[in-house]
Amino acid sequence: MFCAISGEAPQQPVVSVKSGNVFEKRLIEKYIADHGKDPVTGEELTTDDLIEVKTQPQVVPPRAPKFTSVPSILSSLQNEWDSVMLESFTLKQQYQQVRQELSHALYQNDAATRVIARLKKERDSAREALANVQAHLGTTAAAPAPAAQPSGENMEVDAAGLPADIVEKMDQTSANLSQGRRKRKPPAEHTSVDTIKTFEQTSTIPSMHTSRTPGITAVDVDHSGNFILTGGADKHVQIYDRANEKVFANLTGHTKKVTAVKFRGQEVENDVALSASADKHVRVWVPGGNKGYQMAHNVSVHSGEVTDLSVQPSKDYFVSSGMDSKWAFYDFETGKSVLEVQDEEYKAGYTTIAFHPDGMILGAGTTDSTVRIWDVKSQSAVATFGGHTGKINALAFSENGYILATASEDNLVKLWDLRKLSNTKTFTLDEGYKINALSFDYYAQYLAVGGSGVQILKAKDGAALASFTEPTAEVTGLKWSPLADSLLAAGMDRTVRYYSAP
């Protein structure tokens with residue numbers, strides 16, 4: 001007498017009144033609790049259908065030798081292996097079926113998204129055509145109300161002109177940077193206010209560029225702080241090796257003064273460099289050649305002077321601004337413009353441009369005293385800041401992403417809260433003080449102002465912490481070290497100066 005489930009002699013045998021099969025009591029009760037039916041016949045079965053069997057003797061005799069032999073054990077293992085293989089085969093079949101169903105669902109979703117994008121593009125084209133016709137006839141079209149969408153079911157379609165892979169990379173970069181920024185606080189070794197107050201000029205790099213048309217018009221520093229990239233009024237781009245105290249590369253090719261320079265920002269020994277010029281060209285310089293660097297791309301998409309450059313935080317793209325009221329978005333690898341956005345509302349031209357630390361919006365200063373905030377993905381102006389007098393000479397985002405500092409031909413520095421889109425503070429400098437450059441330190445504790453000298457303000461309340469008048473000409477560029485323990489300033493006197501604690 002053996003259990004129909006385990007195949008062994010039961011210790012507490014019970015018999016089913018329906019099928020007549022014998023079971024181990026604990027096993028059949030558990031099976032009935034899980035399935036509610038007879039494991040052999042599949043008929044419905046309850047514990048009331050079980051009858052206990054009284055056997056003698058009470059002690060179960062040992063199994064016959066044939067059940068404990070090696071062949072018997074191997075046969076049992078083979079049976080178990082066959083069961084596992086059959087179950088695995090069944091699971092694979094089910095897995096393949098689910099994959100096919102998921103593939104069909106994704107294909108249908110992709111097709112629906114493409115259809116919606118095409119329909120929206122056709123709708124916008126039709127609206128534009130209607131507006132043109134009405135404008136020609138002297139009538140005004142009523143602004144169409146935005147279509148209502150169910151809550152939680154809004155669908156975003158990539159903006160025309162910006163490839164999906166670029167949008168995806170920008171979104172991923174923004175998410176990563178935003179997550180890390182929320183946790184970032186100034187470390188204990190960050191330079192204190194008392195130390196900033198003791199800053200003085202500690203070293204200089206004189207005689208940069210030529211004296212025939214003197215002046216450093218733009219400056220940047222690589223991630224190591226060792227290589228200094230400068231652009232000059234002499235049309236040259238120079239890379240200075242601070243460790244060896246010499247000009248590592250002197251790059252020529254621009255036909256007018258250099259207006260902006262930027263390193264790509266990669267953590268490599270010789271980083272890619274950018275330069276923009278009043279000759280309407282943007283050049284990309286890469287390591288190599290007999291000069292240490294050579295030109296990889298020469299781009300000309302602007303019809304006016306190129307005024308500024310900014311690198312997107314992903315380090316794969318950059319933008320340029322120009323006096324033709326256009327900003328252009330480029331790919332580093334190809335050197336080609338992906339987007340060219342013309343400002344239809346403001347025709348005065350752009351003077352400066354900068355990416356927000358998350359890389360999703362741009363700040364651009366104009367010659368008519370306003371700052372335009374652009375959404376890069378949709379290429380739409382989402383905000384306009386006014387209140388200055390004269391053209392905007394400089395702007396800078398704080399690294400935490402909340403504050404934008406702006407300065408123009410007046411002697412004012414304004415701070416804008418990007419969450420409220422409002423002017424929160426205005427710092428007034430000396431009468432006639434010219435401002436060419438603004439720079440927040442990495443932790444947004446201090447704001448450096450360069451122009452008619454160098455000033456360091458406390459970013460929170462504008463309190464003056466340090467002031468330097470050593471430059472004999474206007475300061476055009478500023479760069480903080482990572483922990484704000486030194487400040488670099490470059491100017492039209494062909495000199496790069498370092499300010500730090502003695």
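**Exercise 1. Identify the side chain with which the side chain of Gln-238 makes a polar contact, and describe the surroundings of Gln-238.**

Step 1. In this predicted model, the side chain of Gln-238 makes a polar contact with the side chain of Asn-250, at 3.3 Å. A polar atom of the Gln-238 side chain also lies 3.4 Å from the backbone nitrogen of His-209.

Step 2. Gln-238 belongs to strand E7, which spans residues 237-241 and runs antiparallel to strand E8, residues 246-251, with five bridges joining the two. Elsewhere along this pairing, Tyr-240 stands opposite Val-247 in E8, and in the hairpin, which has four residues between the strands, Glu-245 takes a positive phi near 55°.

Step 3. Gln-238 has a relative accessibility of 7% and therefore counts as buried, the cut-off being under 20%. Once its neighbours within four places in sequence are set aside, the contacts of Gln-238 include Met-208, Ile-228, Leu-229, Thr-230 and Ala-249.

**Exercise 2. Determine which parts of the chain are tied together by the salt bridge between Lys-18 and Asp-49, and classify the accessibility of each partner.**

Step 1. The side chains of Lys-18 and Asp-49 meet in a salt bridge with an N to O distance of 3.7 Å. Because Lys-18 lies in the loop between strands E1 and E2, while Asp-49 lies in the loop between helix H1 and strand E3, the pair ties together parts that are 31 residues apart in sequence.

Step 2. Lys-18, at 46% relative accessibility, counts as partly exposed, whereas Asp-49, at 15%, counts as buried.

**Exercise 3. Locate the partners in the salt bridge between Asp-171 and Lys-377.**

Step 1. The side chains of Asp-171 and Lys-377 meet in a salt bridge at 3.3 Å, N to O. Asp-171 lies in helix H3 and Lys-377 in the loop between strands E19 and E20, so this pair ties together parts 206 residues apart in sequence.

Step 2. Asp-171 has a relative accessibility of 31% and so counts as partly exposed.

Terms used. Residues numbered from 1 in each chain as written. Predicted model: local features only at pLDDT ≥ 70, side-chain atom pairs only at ≥ 80, totals over all residues. Heavy atoms only, no water. Pairing = 2+ DSSP bridges. Buried < 20%, exposed > 50% of the residue type's maximum accessible area, 1.4 Å probe, protein only. Polar contact = N/O pair within 3.5 Å; in protein donor to acceptor, adjacent residues only side chain to side chain. Contact = heavy atoms within 4.5 Å. Salt bridge = Lys/Arg side-chain N within 4 Å of Asp/Glu carboxyl O.
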